[in-house]
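Please look at the structure below, and keep it in view while you read the paragraphs that follow.

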Amino acid sequence: MDFVMITDRMDESLILLKEYLGWNMTDIVYLNRMVSSKPKVTMLEETKARILKYQVIDAQIFDHFNASFEQHIDRIGREKVASQVKEFQELRETFENKCFNKNNIIKGPYNSISWEITDYG
């Protein structure tokens, strides 16, 4: 079986990986530190068409692996994956809230979210 994770769909990718490897939710949890808080820019359709005109092979590769990814979701079950993604995102947020204080004024160099490591001592 071939399986490729898709970064734009990281949480779903990790749920699929968890299912295939028989892991638990805590085996795949990560702290969301390197995520930009900038809103995604919506691209005009004519701009997309112009890019696709010159990036045909990249688009074909993207479409192939996106279709393969969708098949993996179907194999596990769409409702099951959606439910587990929701549960996973809640777990990840709980971990982040427990490990970091997001209200600190010190900002990291990679994003605009403020973090402070919680002292457990």
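Helices (H or I, at least four residues) and strands (E, at least two) are DSSP runs, numbered from the N terminus. The model shown is a predicted one, in which local features need pLDDT of at least 70 and side-chain atom pairs count only at pLDDT 80 or more, while totals for chains, interfaces and linings use all residues. Residues are numbered from 1 along each chain as its sequence is written, and side-chain values use heavy atoms, with hydrogens and water left out.

With these terms in hand, the overall plan can be read: the protein has five helices and zero strands, and from the N terminus its elements run α-α-α-α-α. Of the 121 residues in the protein, 24% are buried, where buried means under 20% relative accessible area, exposed means over 50%, and partly exposed lies in between (1.4 Å probe, protein chains only). Among the contacts (heavy atoms within 4.5 Å) with a separation of 6 or more, 58% are made by residues 24 or more positions apart.

The buried residues of helix 4 are A59, S68, F69, H72, I73 and I76, and what covers them includes helix 1, helix 3 (45-54) and helix 5 (78-99). An α-helix has 3.6 residues a turn, so residues three or four places apart point the same way. Just after helix 4, G77 takes a positive phi of about 115 degrees.

In one of them, the side chains of E70 and R9 meet at 2.5 Å, N to O; E70 lies in helix 4 and R9 in the segment before helix 1, so the pair ties together parts that are 61 residues apart in sequence. E70 is partly exposed, because its relative accessible area is 23%. D74 forms a salt bridge with R78, the closest N and O atoms being 2.7 Å apart, and R9, E12, E70, D74 and R78 are linked in a network of salt bridges. Another salt bridge joins R92 and D11, with the closest N and O atoms 2.9 Å apart. This pair links distant parts of the chain, since R92 is in helix 5 and D11 in helix 1, 81 residues apart, and both R92 and D11 are buried.

Rings of Phe, Tyr and Trp (its six-membered ring) pair if their centres lie within 6.5 Å, and planes under 30 degrees apart count as stacked, over 60 as edge-to-face and the rest as tilted. The structure holds two aromatic pairs. F3 and Y20 form an edge-to-face pair, 5.6 Å centre to centre with 70 degrees between the planes, and this pair links F3 in the segment before helix 1 to Y20 in helix 1, 17 residues apart. The rings of Y30 and F88 have centres 6.0 Å apart and planes at 45 degrees, so the pair is tilted. Y30 lies in the loop between helix 2 (25-28) and helix 3, and F88 in helix 5. Y30 counts as partly exposed because its relative accessibility is 26%, whereas F88, at 0%, is buried.

Finally, V4 lies in the segment before helix 1 (10-21), and V4 counts as partly exposed, because its relative accessibility is 36%.

Conventions: A salt bridge is a side-chain nitrogen of Lys or Arg within 4 Å of a carboxyl oxygen of Asp or Glu.
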